Amino acid sequence: MKLIPIKCVNLSNTISYNGTNYTSSTPCIIPYSDQRDANIKYICINRCNNFNKLTGRSRVINQIFHLDYDFNILASQIIGHNFRSLGPEGIEDVRLFNHNNIIHYIGSYKFGRFNRGTVGIFKRDLFDNTIINVPFSSDPNRWEKNWCFFDYNSELCVIYQWFPLIICKIDFDTKKLILLETRTMPNIFATLRGSSCGIKHNNQIWFTVHETTVEQGTKKYTHMFAVFDINMNLIKYSCFFQFETDREFSYGLIIENDRFIISYSTNNNTSKIAPYDANYITNELEWINVQMNK
């Protein structure tokens, strides 16, 4: 099914950075307050791509928007990268997460043919590029890249993988992921990967996750809500849904009293934010109830 929003705000744009044009793509939105401007309610980071047809690869920079309650742009800024030190492509798939009033980011970058995870404190104009290793990976070169932050027992933790559910925390001193728990999940999660960070709502933790399939040589993305209790026992998950089309991706999720806010892209070249009525999400989607314990 396709979710029906209250409205859809299109923040898509093309920007020039150091003589190169970039097209905005997948955004991540989080709540944000700025003492200098009470109108600012959200901050949004956009992935911006420059696709090279000859190599088939993209160079990525990121764009920041400060938004009001209705998602009007109040300020914008570009975060460039030192491509020489990061490799040719820059930091992509950036998610923002507020933990104890400190905004952290999590993203990935290419190391040769493989992905590496980078995390750190979001400083508006730069990434401090702490590269995190995964010592428990069975293949030192291939890591799951779509890590998701969440608050677990008052610690900043990540979900590294969804089947089985692998919960970790980050050791910033050793620059490693520390495996905390591994949990059994329903078989439907076997093909799922992370999308949004975990959002606390009514003593629950909500995530969006996604599945990628290939039909006639074309990727198709479908999405799902996964809801846990505060001890990370799975409570329920939704039916699969889409926003607009087959090729779309989503990083941002906000849950307010009366609305869910989701940021997503379509065809890797749009940046959109859509609020949804909370009753519509909780009552009109099909839900599968389950209780998974350790």
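## Close-up views of a predicted model

**View 1. E244 and its salt-bridge partner K272.** E244 is partly exposed, its relative accessible area being 34%. In this predicted model, the side chain of E244 meets that of K272 in a salt bridge, with 3.0 Å from N to O. The two residues belong to distant parts of the chain, for K272 lies in strand β22 (residues 272–277) and E244 in the loop between β19 (234–238) and β20, 28 residues apart.

**View 2. The salt bridge between D93 and R47.** Among the nine salt bridges found in a search of the whole structure is the one that D93 forms with R47, in which the closest N and O atoms are 3.0 Å apart. Because D93 lies in strand β7 and R47 in strand β4 (residues 42–52), the pair ties together parts of the chain that are 46 residues apart in sequence. D93 counts as buried at 5% relative accessibility, and R47 likewise counts as buried at 12%. Salt bridges with shared partners also bring E92 into the picture, joining R47, E92 and D93 into one network.

**View 3. The salt bridge between D151 and K200.** D151 forms a salt bridge with K200, and here the closest N and O atoms are 3.7 Å apart. This pair, too, links distant parts of the chain, since D151 is in strand β11 (residues 148–152) and K200 in strand β16, 49 residues away. With a relative accessibility of 18%, D151 counts as buried.

**View 4. The second largest pocket and its lining.** The second largest pocket holds about 390 Å³ of space, and of the 20 residues that line this pocket, F97, N98, G198, I199 and K200 are the closest to its centre. At least two lining residues come from each of β3 (20–31), β7 (92–99), β16 (199–201) and β20 (248–255), with β20 giving the largest share, five residues. Sorted by class, the lining consists of 12 nonpolar, six polar and two charged residues.

**View 5. The hairpin of β13 and β14.** Strand β13 (residues 165–171) and strand β14 (residues 176–183) run antiparallel and are joined by seven bridges. C168 has L179 in β14 as its bridge partner. Four residues lie between the two strands of this hairpin, in which K175 takes a positive phi near 60°.

Definitions and conventions. Residues are numbered from 1 along each chain as its sequence is written. This is a predicted model: local features need pLDDT of at least 70, side-chain atom pairs count only at pLDDT 80 or more; totals for chains, interfaces and linings use all residues. Side-chain values use heavy atoms; hydrogens and water are left out. On a 1 Å grid over the protein atoms alone, a cavity is a set of points where a 1.4 Å probe fits but cannot get out, and a pocket is an open set with protein on both sides within 12 Å along at least five of seven lines; lining residues have an atom within 4 Å of a point. Grid points are joined across faces, edges and corners, and a volume is the space filled by probe spheres set on the points. Ala, Val, Leu, Ile, Met, Phe, Trp, Tyr, Cys and Pro count as nonpolar, Asp, Glu, Lys and Arg as charged, and the others, Gly among them, as polar. Two strands pair if DSSP finds at least two bridges between them. A salt bridge is a side-chain nitrogen of Lys or Arg within 4 Å of a carboxyl oxygen of Asp or Glu. Buried means under 20% relative accessible area, exposed over 50%, partly exposed in between (1.4 Å probe, protein chains only).
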